[in-house]
Each structure stands twice: as C-alpha cells, then as structure tokens.
Amino acid sequence: MVDTEIHLLEQCEKELAGFRDEGNEIRQHLLELGYLSVNTANSVHPKDEILARQLFEKELLQSGLFKPEQLAAEHRFGQEYFLRYFLRKLTDIDDGLVLGHLPEIGETGLRSRFVHYRLDLFGMWEHPVSLAYGMVSALQIGELAEVGKCTSLEAINYLANVDRFTRHLLASYNEEQFILAFRSVNISGRLKEKLDRRFAFGRQLKDDFGEKTEFLRYLQKHVLNRDEDRIDYGFLEKESKNPLSRFLVRLIQVHQWQEGFYSGLLDSDLGEVSLQSLIDSVETYNLADGKDIKMHRVLTYLGNGYFMFNALFFLQEYMVDNQPTEEQKLWENLAGEVENADDESREKFTANLQQLRDEVSLQSTVEEKGGFLKRIYFGFKKLIRKAFRFLRKIFRWVLERIEKVWGFVKKLFASFFENLYNGLRAFVDGIKFLLGRKLVFTGTPVQFIISKISPDGDVATLVINAGPDIVMQHVRETRYQLSAMAFSLAVVGNVLKLAVQPFQLITWPLLLFKLVGSFQSASARLRNSVTN
C-alpha cells in the first residue's frame, strides 16, 4: 500500500505544481472590497496585502454577518481557504449574502464595504468602497430601489441573486420597456455592417409585439423603417438616457461577465467587446440547443452610433435559468463519460483538459484600466445551472475543442479546477501526514520556524532567529493544519479506495474526477458536522 501512496503523492504533487497562484483571487476581492486601493491593482506590495488580509479578517469577525460556528467550520480547511471562502461569499451574486438591515449612517467596516461593493458592481457607486455608509450611500440605494420598484433593503438584497432580480424586473415592467436603445461610437465598421439589420429587427419586433402601444408604433414609423434618413435620433438619445435602460445595459453586461462570455471592464458601455460577447452567447446557445436564432432577433445597428437591443428576448431566452445546481452530479456525469470513452478519446480529452487548465490560469490576474477593475467572476452556481442544460454535450465540446463554446467551457471548468486543486492539496497533506513528511513552515529564509508533524502526534520544531510575531503566526498555522488533518485523511481514504479497487484499472484523468467528488463529499460532511 505504501508504494501506491507514494506513487499517488508524486502524481498529485505534479498536478499541484501546474496550478495558478490562489492568492490572485484573494487579492482581487480585497481590491473589490476596498482593503487595497484600485490604483495599486497592477503592482500590489506584499506588505500592503498582508495588512489588508489582517484588516479583513478583523472586520469579518466583528461584522456579525456570519455565525461563529460557520467561521470555525471554514477555519478547518486552512487560512488561505478561510479567507477565500468568506471573500467569495461576500462578493457572490449567484446566491449571495442577504442583509437583515442596512448599515447605520456613519458606520464603517465590512457591512458598509459590502453594500458599496454591490452598488459599484452595478454601476451605481463612484466613490471608494471603503467610505463610511452615509447619505450618499442611502441616496444611491434609493435610486436602485426606484429601478427595482422595491424598498432599499429589498433592492440591496436582490443583488445577492442576479437571476432572481432579473425575474423581478421582467415581472415589474411592461414588455416594451425592455426594447433598449443605446449609443456606442467606437465600434468597427465590420461589426456595424454585420449588425445592420434594422428592417429585419423591426419586422421581428412587429411579429412579437404587434403595434399595440404608441411606443411600438413610433419605433416602426420613425426608427425601424427602410429610410435611414427618417430615423429620429433625438428620440434614440432620449431613450438611451432612460435610467431603466442604462441599468439594464449594465445588468446584461454583468450577466455576460458571470457566464464567461464577457471578459472586459464592467463599465456600462456596450462597446466592441460587449457586442461581440452578445454574438458569441447567441451562437453558443444555438449550438447547445440545436436552434438557429439570427442576430437580428436580438440586436441591430441603426446608424450614427445607435443600436437597438431586444433585452426581453435575450434575458428570457438565455439569462434566466431554473435548472438544479448540484455540482457534484455534473462532474459525476462527466466522469462516467470519461470512464466509458475509448483510449484515444480519453487521451485527447485529457490533453484538452490540460489546455483548459493552462488557459484558466492565464486569465486569473486582476488588473486596473482607467480606474476600473478588469476582474474575474469566481462564482459558479449560475454556470452549473447552465451546464445542466448542456449536460450531454460538454464532454464532446472538450473532446473536440469547439471554439464557439470554448469561453463558456473555460469558465465552467474553472470550478472543476478549483475543486481539484483543493482536493489535491488535501490529499497531499493527508498522505504526507501518514508518511511522516508533513512540515509547517513560517517566516523567511533567515528567520523561521519549521515543525514536522508525525502520525503518532509527536511534533519536532526547529527555530531560527524567530521573533514573537513569527511564533504566534506559526502557532496559528500549526493549529489550522492539525484541525484540517481529519478532513485531509477523509479525502485520502476515499481516493485510496478508488485507486486500489480489485479487477478495475482506474485511469489518471478519471481519478482526478473522482478526487473532486471525494473533496466535495468530505467538505459537505465536515460542514454539516460542525454547524449541526
């Protein structure tokens, strides 16, 4: 058995070496919540990041946003995981945190940062996120509430779940109010020509809605007719500045960003990159659903930099989904397809999976451009719901590397690789513990403490020039490692059972999928045991 453990340890350590720096996500969230200045995003000093992490953890514990037992449960997975988990919970807009009440005027700390972060994400905050909650905050939430036709508290809580908020907006407004006009001047002639289908767009709009309102009749007569010289650009300018229209433009950009179709700045500007993302998403869903939706069904160029967008169709058809979100079932299904594939297909799938991981790693760094953060959305629940819609096609998409859906696939598999990374790390820690190789290192090359932890409970420690700060940090890290060891050993037990099954040869790529499942199962059991 020891030979098997050593072989698996070596293989898993090779896999771990290829993963991106997990600190990139933590750094992005610290920037988003104002613990680091956006202006320093391209060159964050390590000392500033350490101080930002410490301040976040202090404010997290003081905020009362999470129960003590939940904080304790996540500490069992280690300090890096603890920080990343709660930062992601706070920035989640799939199934995010719901507030019981808004911050008090003058309040500082995590609660005010959290509210300002959500406003900032949806283009309704132009000040530092770290600013104390004040009258400007209340005014901006009031504007959001006016758009959402709800109370201020309901408005900020709606942003915890973008799909739910989208459904609420669709139910709160007349259909015609989702026919949006917007202006985008820096668009290439190639894209304008591709989207110049004004009359076809108008004909489709007429088929969908008829001319039952004055607004729709006006569009047909003064905007969507065949004569370009008769387009009423004054009307379009007015419509493009409508508060609801401006918010819906940002909402759609956020939807596209969540799903991996859009990787540009969240700036409320449907420019070249945003428009191309809309085209890509329509083509992806055509491929997935076996449909042939034409772009003029959704979007058209009008002239003089103005576009018209059928947001009603786009949101209903593509953005709102009520599929289940049991991620483990998704990967179990894919593991079954890997297991049943022939050797050639499995080898090709493994190579493309490696390429996916490399590409996910390359896109994991946050940066600042013109005062905006170019960031990544790290939530996955919305993607998992979409994946169930395409369940029987994902294996083939990876196997054949289908370009039209590669952006979506890349975003989806970021979740798989994250779980794989955590599972591999837990497995490696557990095996090292069993083999007596588990080391905990704290400090620098000239000032450090290193401890070796044995399975019988003995700890041997070497101290070189370590001051009180390093000693305290080392004590905390050792406690984290020891509390996490039961979890690591649970993952090890599950994986070793699979790896040494008699009469069954389990391949390396399949073992990776099984490891992800083992990690998710062990995580769920640990959380349930602590919180219950």
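Okay, let's start at Asp-95, which sits in the loop between α5 (79-91) and α6 (110-121). Helices here are DSSP runs of H or I with at least four residues, strands are runs of E with at least two, and both are numbered from the N terminus. Before going on: this is a predicted model, where local features need pLDDT of at least 70, side-chain atom pairs count only at pLDDT 80 or more, and totals for chains, interfaces and linings use all residues. Residues are numbered from 1 along each chain as its sequence is written, and side-chain values use heavy atoms, with hydrogens and water left out.

So, is Asp-95 buried, exposed or partly exposed? It's partly exposed, at a relative accessible area of 42%. For those words, buried is under 20% relative accessible area, exposed is over 50%, and partly exposed is in between, with a 1.4 Å probe and protein chains only. Not counting residues up to four places away in sequence, Asp-95 touches Ala-160 and Lys-381, where contact means heavy atoms within 4.5 Å. Lys-381 is 286 residues from Asp-95 along the chain, but their C-alpha atoms are separated by 7.6 Å.

Lys-381 brings us to helix α19, residues 381-389. That helix is mostly covered, with seven of its nine residues buried. Among them are Lys-382, Arg-385 and Lys-386, along with Leu-383 and Phe-388.

Back in the loop between α5 and α6, we also find Glu-107. A polar atom of its side chain lies 2.9 Å from the backbone nitrogen of Glu-104, and a polar contact of 3.4 Å joins the side chains of Glu-107 and Arg-111. A polar contact is a pair of N or O atoms within 3.5 Å; within protein, one must be able to donate a hydrogen and the other to accept it, and residues adjacent in sequence count only if both atoms are side-chain atoms.

Next up, α13, residues 233-240. Phe-235, Leu-236, Glu-239 and Ser-240 are buried there. They cover an arc of only 130° around the axis, which puts them on the same side of α13; the arc is taken from the directions from the helix axis to the C-beta atoms. What do the buried residues of α13 pack against? The list is β1 (179-183), α12 (214-222), α14 (243-258), β2 (299-303) and β3 (306-310). And Asp-232 caps the N-terminal end, with a side-chain oxygen 3.2 Å from the backbone nitrogen of Gly-234.

Now the core. A nonpolar core is a set of buried Ala, Val, Leu, Ile, Met, Phe, Trp, Tyr and Cys residues joined through side-chain atoms within 4.5 Å. The largest one has 141 residues, and Phe-56, Leu-299, Met-308, Phe-309 and Phe-413 touch the most other members. Its largest share, 10 residues, comes from helix α21 (residues 406-434). Beyond its neighbours within four places in sequence, Phe-413 contacts residues including Trp-331, Leu-353 and Ile-394.

Last, the rings. The whole structure has 21 aromatic pairs. Rings of Phe, Tyr and Trp (its six-membered ring) pair if their centres lie within 6.5 Å; planes under 30 degrees apart are stacked, over 60 edge-to-face, and the rest tilted. Tyr-35 and Phe-56 make an edge-to-face pair, 5.6 Å centre to centre with 80° between the planes. Both are buried.
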